[in-house]
Amino acid sequence: MKLPNADKIKHIIRLVEGRAELIVRVRCPFCRTKNALLLIGSTDKYECQVCCLHGKLDDLIVYFEDEFEHRHRKTVKLMSERSAVEWRR
Ligand SMILES: [Zn+2]
């Protein structure tokens with residue numbers, strides 16, 4: 001993942017002498033609003049700016065893993081079939 005305008009952001013962090021907090025924003029799995037869910041590394045918490053749900057990052061991982069698995073089940077199946085074919089050669 002590339003950080004857009006990383007040079008400007010790094011410069012600002014230097015100017016505030018490192019007193020900064022990086023927050024990652026992702027789609028909220030609860031209200032499905034794009035970029036509404038804040039992942040706050042320093043507190044190990046997540047917080048949605050729209051539906052206001054909040055909690056620990058560990059609990060959030062479970063939701064995303066379920067979603068991810070559901071989305072990729074078909075792809076994973078195709079990949080394992082393909083590698084099985086290559087194995088036989
Ligand atoms: Zn939300």
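This report describes the strand pairing and several loop residues of one structure. The model is a predicted one.

**The sheet**

Four strands make up an open sheet, ordered β1-β2-β3-β4, and their pairing is antiparallel. The edge strands are β1 and β4 (54-56), each of which pairs on one side only. On average, neighbouring strands of this sheet are turned by 20 degrees against each other, direction ignored.

Strands β1 (23-26) and β2 (37-40) run antiparallel and are joined by four bridges. Within this pairing, Ile23 stands opposite Ile40 in β2, and Val24 has Leu39 of β2 as its bridge partner. In a regular strand, side chains alternate between the two faces of the sheet.

Strand β2 also pairs with β3 (residues 45-48), again in the antiparallel sense and over four bridges. Here Leu37 stands opposite Cys48 in β3. The two strands β2 and β3 form a hairpin with four residues between them. In the turn of this hairpin, Asp44 has a positive phi of about 60 degrees.

**Loop residues with positive phi**

Two further residues, neither of them a glycine, have a positive phi: Glu17 and Arg32. Glu17 belongs to the loop between α1 (6-15) and β1, whereas Arg32 belongs to the loop between β1 and β2. Their values are set out below.

| Residue | Phi | Other C-beta atoms within 10 Å |
|---|---|---|
| Glu17 | about 55 degrees | 7 C-beta atoms |
| Arg32 | near 60 degrees | 10 C-beta atoms |

Is Ala36 buried, exposed or partly exposed? With 19 other C-beta atoms within 10 Å, Ala36 is partly exposed, because a buried residue needs 20 or more and an exposed one has 12 or fewer.

Leaving aside residues up to four places away in sequence, Ala36 touches Cys28, Cys31, Cys48, Gln49 and Val50. One of these, Cys48, is the residue of β3 that stands opposite Leu37. Ala36 and Cys52 are 16 residues apart along the chain, and their C-alpha atoms are separated by 9.4 Å.

Key:
Residues are numbered from 1 along each chain as its sequence is written. This is a predicted model: local features need pLDDT of at least 70, side-chain atom pairs count only at pLDDT 80 or more; totals for chains, interfaces and linings use all residues. Two residues are in contact if their C-beta atoms, placed from the backbone, lie within 7 Å. Two strands pair if DSSP finds at least two bridges between them. Axes are lines fitted to C-alpha atoms, for helices over the stretch in contact, and angles run from 0 to 180 degrees between N-to-C directions.
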